[in-house]
Amino acid sequence: AAVVQQLAQETNLDRYGVMYPAQQEHERYRLSEWCSNNTDKLFNDSQGQLELQAWVSSLGLDSEKYRDGLELDIFIPSLKIGIEYNGLYRHSELFKARDYHLKKTNHFLEKGVRTIHIWDWEWKKRKSQVQSFIRSALGKNENKVGARKCQVTWSDSSRDKKLVKEFLDTYHIQGAVRCRYVIKILYGKELVAAATFGKHHRNSKEWVLSRFCTKMNWTVQGGLAKLSKLASQKLQSDIISWADYRLSQGNGYEQAGWIKEERLAPDYVYYKQFEIISKQSRQKSKVNTPKGMTEHQHAAQDGLVRV
């Protein structure tokens, strides 16, 4: 608290040490200068970031901080993969422009480096799912099997839906969603990958691959291609899906025969006290937004921060 008070006095920040983007540029320079001259008073790495870096090292990979115009929290030189550990508050619109994360991703992509962005709330609340994704992205899965050696089945039974829901809640960063059909990929009797399909939430004529993931520490080579072909045969329709650009560029989809249509602009969520709140839940009709007030204004009034 004493450090924040001193910083506020010397840089004209508010009493919480917060500086909003609208402030003049010279204040940001003063803040940067203050930080440079008081490094002993700063915590440069969050506890979560240190935990994540230690876990990456436990996989037998050397990592370091990396700067090339912009900085990566964790960089694995041997793989040319960077991992960013983003705190919700410090990476919200209070501090970062809407396209900040996109620009950083593209900046390093032009240099041949893939960037994976992990939110602090994910690491704290869904750590094992994050580890499962990163382990796969780093090529560190210990169990590998070809899809041709697996049984790939299509189902709409309640029993299979329940089984796949539990699987996705256990291994997928975003967890499960409601679906119409599921695909199970079994190696022997073991469920090693699963996918779900349903109708588009705004277009009932379009089918969507809503979730796909493998079991932790497993790679199913050709699994996405095989389940995509099966789904196309069963649905007799085009299927759409999305790759979360903060995690991947969708290369796995393209390798499986999917066609890239477009890259959408950055989206947003709200949060308050470490709880993620979807923009859909903040629709004016659902939260009785006062007349003449925008969704964002009402959210801010309710203490929500947009990320």
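Biologist: Let's start with asparagine 217: where is it found?

Modeller: Asparagine 217 sits in the loop between β9 (207-214) and β10 (218-221). Strands like these are DSSP runs of E with at least two residues, while helices are H or I runs of at least four, both numbered from the N terminus. By the way, this is a predicted model, where local features need pLDDT of at least 70, side-chain atom pairs count only at pLDDT 80 or more, and totals for chains, interfaces and linings use all residues. Residues are numbered from 1 along each chain as its sequence is written, and side-chain values use heavy atoms, leaving out hydrogens and water.

Biologist: Why is asparagine 217 called buried?

Modeller: Buried means under 20% relative accessible area, exposed means over 50%, and partly exposed is in between (1.4 Å probe, protein chains only). Asparagine 217 has 14% relative accessibility, so it counts as buried.

Biologist: And what makes glutamine 236 exposed?

Modeller: Its relative accessible area is 68%, so glutamine 236 goes down as exposed. You'll find glutamine 236 in the loop between α8 (223-235) and β11 (239-240).

Biologist: What makes the phi of asparagine 217 worth a look?

Modeller: Most residues other than glycine have a negative phi. Asparagine 217 isn't a glycine, yet its phi is positive, about 75°. Glutamine 236 isn't a glycine either, and has a positive phi of about 50°.

Biologist: Zooming out, how many helices and strands does the chain have?

Modeller: There are 11 helices and 14 strands. Of the 307 residues in the chain, 40% are buried.
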